[in-house]
Amino acid sequence: MKVAITILAVAALASVPLWLRDPYLLNALITTGIFVIGAMSLNLLLGFTGQLSLGHIAFFGIGAYVSALTSLGFDFGLPGGFRVVHEPWPPILGLVFAILAAGLCGYFVGLLSFRVRGAYFVIVTISFAEVVRLVALNWVELTQGPLALTNIPSIALPLPGFGELTLRTKMQNYYFVLVVALIAYLLIARLVRSHFGRAMRGLMENETLAVSVGIDVTKTLTIAAVISAAIAGAAGSLYAHYIRIIDPEVFAFINTVTMVIMVISGGKGSLAGPVVGGLIFGLLPVALRPVMAPEAQWIAYGGVLMAILFVLPRGIVPSPAQRLSRRRSGAKALALTETGIEERA
Amino acid sequence: MSEFLQHLVNMLVLGGTYALLGIGLTLIFGIMNVVNFTHGVLYTFGAYIMFIVVQQFGLNFFLALPVAVLAGWLLGAAIELTLLRPLRGSDIDTTMLVMIGAWIAMQSGTLWIWGGVAKSVSTPFPDAPLVLGPVSVSWLRLFVLAAAALLIVVTYLLINKTSLGRAMRATFQDHDTASLMGVNVDMIYTSTFAIGSSLAAAAGALLGPVYVIFPQMGDLAAVKAFAIVILGGLGNITGAVIGGFILALAEELGAGYVSSGYRDAMGFVIIIAVLIFKPTGLFARAERVG
């Protein structure tokens with residue numbers, strides 16, 4: 001049943017470029033798809049380990065910059081008169097390096113920030129993203145600062161025996177984003193159903209209990225952060241090669257907020273949640289554009305976010321665990337008192 | 001040396017308003033456990049109130065400050081009553097996201113009403129700065145420092161010498177027990193949020209005329225306020241004051257001796273360093289741990 005819905009949804013999404021000819025809408029769908037990949041990676045942390053990272057855009061932006069610089073080449077000086085020079089490489093290698101670099105950053109950020117929880121974790125992650133943004137803004141020699149990296153080449157897919165396929169049209173990019181999104185979805189689905197996924201959910205439900213049954217909390221969280229950051233880095237790389245221009249504004253806090261809204265409105269901890277929420281909030285500005293001034297759109301955006309939290313705090317597609325807990329509301333009340341006592345202690 | 005003295009003077013002026021911002025947020029964060037993303041909007045709001053009263057109504061500059069404090073108090077109380085009170089008992093992530101939604105909506109509202117063009121406020125102070133040996137400081141900045149110091153003292157007395165302050169401190173320690181002792185916890189929450197918001201508005205009203213006023217000015221102010229709260233420890237007013245001055249010093253020295261582009265990075269670097277090496281803040285007493 002669930003598999004059938006997933007296949008139908010993928011088939012429906014795959015058919016879109018065949019009947020949708022409007023380039024503006026197709027463009028909106030491609031950028032939305034890229035942000036949905038970012039939202040899925042955020043959901044791995046927020047929905048399955050319970051850690052709200054508000055610096056997630058940092059990994060997306062690092063992926064975008066690494067990928068762009070790999071394919072554009074760079075030349076900057078180091079103290080002591082050394083110069084680091086890099087000749088342009090094919091963009092597909094940029095994607096690979098984006099994934100690796102973002103994953104590595106995820107490792108270090110995870111290692112440092114998982115020492116704290118709750119509000120403190122949130123603030124560390126925001127700070128990390130802002131520091132990265134300020135570096136991108138001020139390290140002009142490498143990143144061009146506010147002048148932006150321009151003329152980023154499109155991704156060229158190597159096809160053995162047929163040479164290369166450069167993704168020039170919107171339709172080609174649409175299918176490429178769809179395929180990457182599908183891979184990310186299946187990877188996350190596989191992960192959360194594994195032993196590792198159970199460990200993640202275990203520590204989200206009750207960290208003390210998880211430790212007592214032998215789950216290595218820091219290791220589990222760090223692995224989740226690495227995978228999540230790597231997927232976000234891939235999304236950033238897609239973004240850089242599709243938009244073909246990157247400036248430090250990619251690190252703007254509002255972009256993280258967009259991903260969080262996609263996850264929460266869709267339903268955190270549910271695999272389909274970020275996809276559903278992502279499509280709604282990715283396309284909402286498109287729907288509002290003809291009827292509202294840009295500032296009013298953002299007012300509506302904030303309003304819809306608040307409304308969803310008040311009306312549908314579990315999201316549009318609640319996770320299986322949350323559906324279960326609603327059915328067993330008695331058991332839930334008990335669990336709540338227990339955690340309440342534990343938090344106070 | 002004279003350059004260093006000048007940085008110290010600038011630090012004092014900046015630190016006073018940072019302390020106001022920090023006190024407001026540490027009260028809200030400490031007592032209500034709400035990560036208040038609207039704090040920066042309240043800062044912006046205070047600055048725009050200053051602009052409206054002085055530039056649009058042509059009223060006295062010194063009258064505008066209490067008006068901004070009052071307006072911040074009212075807006076804070078309204079936010080608490082409409083958004084936070086119905087969510088009492090929700091988890092911290094939900095209230096934080098609602099605050100983010102309110103921040104986006106209110107900031108966009110500011111942009112919609114007043115546009116994105118930066119505004120400035122004319123002040124009654126002479127343009128020529130006060131020169132004291134190697135350092136100079138404008139009269140406006142001296143006034144900002146004095147007003148900030150006054151507001152800090154008033155807040156300190158409010159928290160430590162009044163029955164409302166005693167009830168707030170009791171709620172911070174244990175809201176259940178405070179409620180059993182007859183403290184109206186709902187009223188305390190609303191007052192706390194309103195007082196914190198009015199301090200943010202005051203900081204904006206004071207710094208707005210020093211710099212320029214634009215809709216996004218509060219974003220960095222909010223993060224700096226978080227840095228100050230983390231430096232000083234949750235709910236610790238003295239810590240917030242010292243934290244405000246430390247942040248101002250770090251920014252001044254960072255801008256002066258490293259690179260002015262990284263001035264605003266100082267707050268974030270401090271946040272990361274403190275949370276990694278001393279997560280309870282620099283001035284936490286032993287009982288706060290855990």
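# Notebook: a predicted model of chains A and B

**Entry 1. B:Met266.** I began with B:Met266, which is buried, as 23 other C-beta atoms lie within 10 Å. I note at the outset that the model is a predicted one. I placed B:Met266 in helix H11 of chain B. Leaving out residues up to four places away in sequence, I found that B:Met266 touches B:Leu247, B:Ala250, B:Glu251 and B:Gly254. I also looked up B:Ser191, which is 75 residues from B:Met266 in sequence and 32 Å from it in space, C-alpha to C-alpha.

**Entry 2. Confidence in chain B.** I then checked how far chain B can be read. Its average pLDDT is 88, and 98% of its residues score at least 70. Among the elements of chain B, helix H11 (residues 265-277) has the lowest mean pLDDT, 81, while helix H3 (residues 61-84) has the highest, 95. Over residues 286-290 of chain B the pLDDT is below 50, and this stretch has 4 contacts in the model beyond near neighbours in sequence. Where pLDDT is low, the predicted coordinates should not be read in detail.

**Entry 3. Confidence in chain A.** I repeated the check for chain A. Here the average pLDDT is 85, with 92% of the residues at 70 or above. For the model as a whole I recorded an ipTM of 0.82 and a pTM of 0.84.

**Entry 4. Where the chains meet.** Which elements of chain B supply at least two residues each of the side that touches chain A? I found helix H4 (92-114), helix H9 (217-232) and H11 of chain B. In total, 31 residues of chain B are in contact with 33 residues of chain A. H4(B) gives the largest share of this side of chain B, 15 residues. By type, the residues on this side of chain B are 23 nonpolar, 6 polar and 2 charged.

**Entry 5. A helix pair in chain A.** I next examined helix H2 (residues 23-46) and helix H10 (residues 217-243) of chain A, which pack at an angle of about 170° with their axes 8 Å apart. Because of that angle, H2(A) is roughly antiparallel to H10(A). The residues that H2(A) brings to the contact include A:Ile30, A:Ile34, A:Ile37 and A:Gly38, and those from H10(A) include A:Ala224, A:Ile227, A:Ile231 and A:Tyr242. I classed the residues of the contact of H2(A) with H10(A) as 17 nonpolar, 3 polar and no charged.

**Entry 6. The faces of H6(B).** Which residues of helix H6 (residues 163-173) of chain B are buried? I found B:Ala167, B:Met168, B:Thr171 and B:Phe172. Seen down the axis of H6(B), the buried residues fall within an arc of 140°, so they line one face of the helix. An α-helix has 3.6 residues a turn, so residues three or four places apart point the same way. On the other side of H6(B), I noted B:Ser163 and B:Gln173 as exposed. The cover over the buried residues of H6(B) includes helix H1 (2-32), helix H5 (139-161), helix H7 (175-180) and helix H8 (185-207) of chain B.

Entry 7. Most residues other than glycine have a negative phi. A:Arg244 lies in the loop between H10 and helix H11 (253-266) of chain A and is partly exposed, with 14 other C-beta atoms within 10 Å. In chain B I looked up B:Asn33, also not a glycine, with a positive phi of about 55°. B:Asn33 sits in the loop between H1 and helix H2 (39-56) of chain B, and 15 other C-beta atoms within 10 Å make this residue partly exposed.

**Entry 8. Two further helix residues.** I located A:Leu100 in helix H4 (residues 91-113) of chain A. A:Leu100 is partly exposed, with 14 other C-beta atoms within 10 Å. Along the chain A:Leu100 and A:Ala229 are 129 residues apart, and their C-alpha atoms are separated by 9.3 Å. I located B:Phe4 in helix H1 of chain B. B:Phe4 counts as partly exposed, with 13 C-beta neighbours inside 10 Å.

Definitions and conventions. Residues are numbered from 1 along each chain as its sequence is written. Chains are lettered from A and ligands numbered from 1 in the order in which they are written. This is a predicted model: local features need pLDDT of at least 70, side-chain atom pairs count only at pLDDT 80 or more; totals for chains, interfaces and linings use all residues. pLDDT is the predictor's confidence in each residue, from 0 to 100. Helices (H or I, at least four residues) and strands (E, at least two) are DSSP runs, numbered from the N terminus. Two residues are in contact if their C-beta atoms, placed from the backbone, lie within 7 Å. Ala, Val, Leu, Ile, Met, Phe, Trp, Tyr, Cys and Pro count as nonpolar, Asp, Glu, Lys and Arg as charged, and the others, Gly among them, as polar. Axes are lines fitted to C-alpha atoms, for helices over the stretch in contact, and angles run from 0 to 180 degrees between N-to-C directions. Angles under 35 degrees count as roughly parallel, over 145 as roughly antiparallel, 65 to 115 as roughly perpendicular and the rest as oblique. A residue is buried if 20 or more other C-beta atoms lie within 10 Å of its own, exposed if 12 or fewer, and partly exposed in between; C-beta atoms are placed from the backbone. The arc is that of the directions from the helix axis to the C-beta atoms.
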